[in-house]
Amino acid sequence: MTYKGIMSAWSSKATVRSRPPRQLSWNELSEKWLYSPELVTVLNHPLLSGLERHLRQQILAKSLANHLNFTNHLEHGIVNQVVFKLAHNYVIDLPVEMRQDAYRIYVDEAYHSLLVSDIQIQVENATGIKTSNSPPPFYWDIQKLISEVPNELKEKALLCVAIVSETLISKLFEKIPKDTFVVQGVRDVISDHAFDEAYHHQYFKQIFKFVSPQFTEQEKIDLGCLLPKYIYSFLVPDFGFMHSCLIDIGLTRDRATRVINDSYHPANVARDIRTAAAATLRLFYRHGVFDNDRIAAAFAELELLPELTQTCKTLA
Ligand SMILES: [Fe+2]
Ligand SMILES: [Fe+2]
């Protein structure tokens with residue numbers, strides 16, 4: 001496979017090279033939101049319909065902080081672990097230009113971690129709302145899944161985790177930069193991040209195409225059966241976080257549970273996960289991942305297969 005450097009314009013275009021740090025404007029906070037309300041499903045619940053503005057903003061500020069914390073742990077804790085190894089040829093032998101792009105992504109992700117940390121501090125200072133810096137549930141889920149893989153497969157499994165995370169399409173990346181009801185500083189940071197991630201998406205698609213033919217047939221099956229679990233870990237909503245947000249605005253534990261149960265019907269959660277994973281599933285489909293019955297069954301078990309064949313054919 002020939003590889004044309006996807007990030008050849010990196011020196012002039014990457015956020016770290018071309019865009020200034022972003023600042024929140026405090027005086028916008030009285031009329032704009034810190035996060036798009038449409039992205040927070042529970043806000044549509046009848047029990048929250050008359051929610052006072054400051055409590056609504058509190059839920060949105062925490063949702064933003066939750067996203068920033070998620071991003072920070074993903075970039076530093078997972079993606080940079082993988083691109084470090086790709087840059088140094090630890091996992092698989094890569095062409096030199098692919099390794100150089102891995103170095104570039106390493107820099108991007110380190111800078112994204114700094115950006116999100118910086119905006120998180122600004123949100124805390126502006127709102128007084130303290131938020132957790134602890135690793136979110138997805139991080140522990142992924143660590144557990146990797147710990148269960150045999151030693152000889154761990155590096156390749158971690159590479160598959162990064163391929164999944166970097167090819168998912170975030171609804172938030174599409175929504176927030178265009179949302180004029182959200183404060184400009186947040187829109188700018190998300191827009192900067194989304195810009196770089198579009199390149200990473202292309203890079204990891206190429207990595208998958210390059211690397212997967214080099215796996216043995218048994219490795220393909222063992223790793224293929226884990227892919228749906230990785231997708232699910234990244235995309236399943238953080239119910240515990242949202243439950244605590246609802247209690248913090250004064251709902252009883254039982255009412256908060258009711259709001260969560262009403263807002264996240266399992267069929268809708270599964271549909272949303274399939275939508276966010278559409279590009280990743282398409283990549284796997286095009287490369288025959290679902291041709292193996294065991295792998296297809298593993299995807300079906302997490303409801304990642306229904307409609308898939310048709311969707312992929314439509315978009316292929
Ligand atoms: Fe990133
Ligand atoms: Fe990335």
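**Exercise 1.** Which protein donors hold the iron ion (ligand 1), and at what distances do they lie from it?

*Solution.* The structure is a predicted model, in which local features need pLDDT of at least 70 and side-chain atom pairs count only at pLDDT 80 or more, while totals for chains, interfaces and linings use all residues. Residues are numbered from 1 along each chain as its sequence is written, chains are lettered from A and ligands numbered from 1 in the order in which they are written, and side-chain values use heavy atoms, with hydrogens and water left out.

Step 1. Donors are N, O and S atoms within 2.8 Å of the metal (3.2 Å for Na, K and Ca); water is not among the atoms, so sites may look incomplete.

Step 2. Five residues supply such atoms: E75 (OE), E109 (OE), H112 (ND1), H193 (NE2) and E197 (OE), at 1.8 to 2.3 Å from the iron ion (ligand 1).

Step 3. Along the chain, these donors follow the spacing E-x33-E-x2-H-x80-H-x3-E.

Step 4. E109 also bridges to the iron ion (ligand 2), 3.5 Å from the iron ion (ligand 1). Distant parts of the chain are linked, with E75 in helix α3 and H112 in helix α4 (residues 96-127), 37 residues apart.

**Exercise 2.** Is E75 buried or exposed?

*Solution.* Buried means under 20% relative accessible area, exposed over 50% and partly exposed in between (1.4 Å probe, protein chains only). With a relative accessible area of 1%, E75 is buried. H112 also counts as buried, at 1% relative accessibility.

**Exercise 3.** At what angle do α3 and helix α8 (residues 184-211) pack?

*Solution.* Step 1. Helices (H or I, at least four residues) are DSSP runs, numbered from the N terminus. Axes are lines fitted to C-alpha atoms over the stretch in contact, and angles run from 0 to 180 degrees between N-to-C directions.

Step 2. The angle between α3 and α8 is about 30°, and their axes are 13 Å apart.

Step 3. Angles under 35 degrees count as roughly parallel and over 145 as roughly antiparallel. The two helices, α3 and α8, are therefore roughly parallel.

Step 4. Contact means heavy atoms within 4.5 Å. L64, H67, T71, E75, V83 and L86 in α3 meet V186, I190, H193, E197, Y203, F204 and I207 in α8.

**Exercise 4.** At roughly what angle do the axes of helix α3 (residues 53-87) and helix α10 (residues 239-248) cross?

*Solution.* The axes come within 10 Å and cross at roughly 155°. That makes α3 roughly antiparallel to α10. On the α3 side, Q58, I59, K62, S63 and N66 meet F241, M242, C245, L246 and D248 of α10.

How values were computed:
Angles under 35 degrees count as roughly parallel, over 145 as roughly antiparallel, 65 to 115 as roughly perpendicular and the rest as oblique.
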